[in-house]
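This report describes selected features of one protein model. Please consult the sequence and the structure shown below while reading.

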Amino acid sequence: MVRAKASEVMLAASSARTSIAEIAAYQGSLPATYTVETQSSVYVSGVAYAASVITATSRDLTSSGSTDGTITLTGSMSGGQVTWVCAGTLPAKYRPSSCK
């Protein structure tokens, strides 16, 4: 059940990833800053971007809140393409398989 809720956090981060990748393709580099459209829900407290890192913060994944944390997507440019590395403080066992 927690993994299903955590996938909503990844989805929120992915929305910002698409927008930032489009900007990077146009500019030829990742933007230094970007204001992410509000991405909050029952399980997402917010999404932010700074210095090539998207941070999506979870909330209420369990009744105790003990598994709450972040999913981060760190971008880098190479050959005009953005590559993203997924990590974060949310325990790996709860992150989607694309983010282990």
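## Basis of the model

The model is predicted: local features need pLDDT of at least 70, side-chain atom pairs count only at pLDDT 80 or more, and totals for chains, interfaces and linings use all residues. Residues are numbered from 1 along each chain as its sequence is written, and side-chain values use heavy atoms, with hydrogens and water left out.

## The nonpolar core

A nonpolar core is a set of buried Ala, Val, Leu, Ile, Met, Phe, Trp, Tyr and Cys residues joined through side-chain atoms within 4.5 Å; buried means under 20% relative accessible area, exposed over 50%, and partly exposed in between (1.4 Å probe, protein chains only). The largest such core has 25 residues, and Leu30, Val47, Ile54, Ile71, Leu73 and Trp84 have the most contacts inside it. At least two residues of this core come from each of H1, S1, S2 (53–58), S3 (70–78) and S4 (81–87). H1 gives the largest share, nine residues. Helices (H or I, at least four residues) and strands (E, at least two) are DSSP runs, numbered from the N terminus.

## Two serine residues

Ser58 is located in strand S2 and counts as buried because its relative accessibility is 5%. Its side chain reaches the backbone nitrogen of Gly69 at 2.8 Å.

Ser40 belongs to the loop between helix H1 (2–27) and strand S1 (44–50). Ser40 counts as partly exposed because its relative accessibility is 46%. The C-alpha atoms of Ser40 and Leu73 are separated by 17 Å, the two residues being 33 apart along the chain.

Technical notes. A polar contact is a pair of N or O atoms within 3.5 Å; within protein, one must be able to donate a hydrogen and the other to accept it, and residues adjacent in sequence count only if both atoms are side-chain atoms.
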